[in-house]
Amino acid sequence: MNVHVDRPQGVVAYSIQSHLADFIRRANFDRPTLVLSLDAIAQQYRALVQGLGRAKIHYAVKANPEKAVIETLVKEGSRFDAASRAEIELCLAMGARPEHISFGNTVKRPADIAFAYRAGVRLFAADAEEELEKLAEHAPMAQVYIRLLVGATGADWPLSRKFGCSLDMALPLMARARELGLKPVGVSFHVGSQTRDANMWGATLEQVAAVWRDAQAQGYGLTVLNIGGGFPASYEYDVDRPTVYASRVMEQVDALFPDAKYVMAEPGRGMVAEAGMISAEVLLVSRKSEDDLHRWVYLDIGKFSGLAETMDEAIRYQFVTNRDHQEMSPCILAGPSCDSADVLYEKRPVMLPVGLKSGDRIMIKACGAYTTTYATIGFNGFPPLDVVIL
């Protein structure tokens, strides 16, 4: 269930987190609900634009594909990175121009390539010869950028191994693309989601720059540099605000790629995470034994209903309750399902009020990204997230 609420005037005058929390306290939700501010997303877009300078934003649709989010970003002038036919259809339906959409998934169904090409999409990612062959057949003469596999960067949510080719495969793939009648126009990479420090980009950019220089020396005339995502949100640790962070990244990009005519950035988490807050409920507070060091706190939301990024305790969400003025103690946090994997934080327990009890509301901050789309349709009968748009 998605609900739109009229936005009050003056929302931007104080903290978006305070605004979301105040709204949730006044509301009466009977199931886990994500409350999302479109004003906050528009502000974040403008802040990133200011810091990114010459780079064009291609919002990573997978982070939050709510129609209202896409419509808001279309109005702001954003372009889009799509991973599937459904995401392309969504962007087009919300008013995005096909030439402003890149098909950034390197593993695509042939029929979806053909659909995108018919719709007017002309920019595609690839990291393997067979993918180039599919593109040549179903998107003849399309522009292609080669995704590179880069080393570990220290990101909280690494994206290594699954996507990208080794650096020494990049030029052979460009050559093969040319043979197939495609237009190799550039390269892409991803430093990993939630890269908290802009300095973490340095080593990766150096690796990519070496490939770029070799390609230019061999006459490929590359023009497109896709720097991917990685733009962070504030969870457990504060991060640079978006304009500052983006500026620091672009200083490095400009120094290494002065001849890149079209620089793409694909913020997802960094665009929408802090614009959302989840309203949840405490279902049970217990101890496993009389001498158990930690309480177990069970919520009505877990890994299978929106908080998948707590896997390996990678993303450390922050919590707000109406008892935060009370004494705190460490708790193991778990979801409601019957799956024993549905434990959110145990290696590093969460500090929560001693007086917390069943029925208490608990608010989860910075949940605008990778929550609604990671939720199942109803594992164990627990519902997916409701969404309220402000």
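A residue counts as buried when its relative accessible area is under 20%, as exposed when that area is over 50%, and as partly exposed in between, with a 1.4 Å probe and protein chains only. The model is predicted, so that local features need pLDDT of at least 70 and side-chain atom pairs count only at pLDDT 80 or more, whereas totals for chains, interfaces and linings use all residues. Residues are numbered from 1 along each chain as its sequence is written, and side-chain values use heavy atoms, with hydrogens and water left out.

**Exercise 1.** Determine whether Ser-279 is buried or exposed, and find which side chain it joins in a polar contact.

*Solution.* Begin with the location: Ser-279 belongs to strand S11, residues 276-286, where strands (E, at least two residues) and helices (H or I, at least four) are DSSP runs numbered from the N terminus. Next, take the accessibility: Ser-279 is buried because its relative accessibility is 4%. Then turn to its partners, which, leaving aside residues up to four places away in sequence, include Phe-29, Arg-31 and Arg-361, contact meaning heavy atoms within 4.5 Å. Finally, the side chains of Ser-279 and Arg-361 form a polar contact of 3.1 Å; such a contact is a pair of N or O atoms within 3.5 Å, and within protein one must be able to donate a hydrogen and the other to accept it, while residues adjacent in sequence count only if both atoms are side-chain atoms.

**Exercise 2.** Describe how helix H2 packs against helix H9.

*Solution.* Start with the geometry: H2 (residues 38-52) and H9 (residues 242-256) have axes 7 Å apart and an angle of about 30° between them, the axes being lines fitted to C-alpha atoms, for helices over the stretch in contact, with angles from 0 to 180 degrees between N-to-C directions. H2 is therefore roughly parallel to H9, since angles under 35 degrees are classed in this way, over 145 as roughly antiparallel, 65 to 115 as roughly perpendicular and the rest as oblique. To complete the picture, the residues in contact include Ala-47 and Leu-48 of H2 and Ala-246 and Met-250 of H9.

**Exercise 3.** Classify the orientation of H5 and H6.

*Solution.* The axes of H5 (residues 110-119) and H6 (residues 129-138) come within 9 Å and cross at roughly 45°, and the two helices are therefore oblique to each other. On the side of H5, Pro-110, Ile-113, Ala-114 and Tyr-117 take part, meeting Glu-131, Lys-134, Leu-135 and His-138 in H6.
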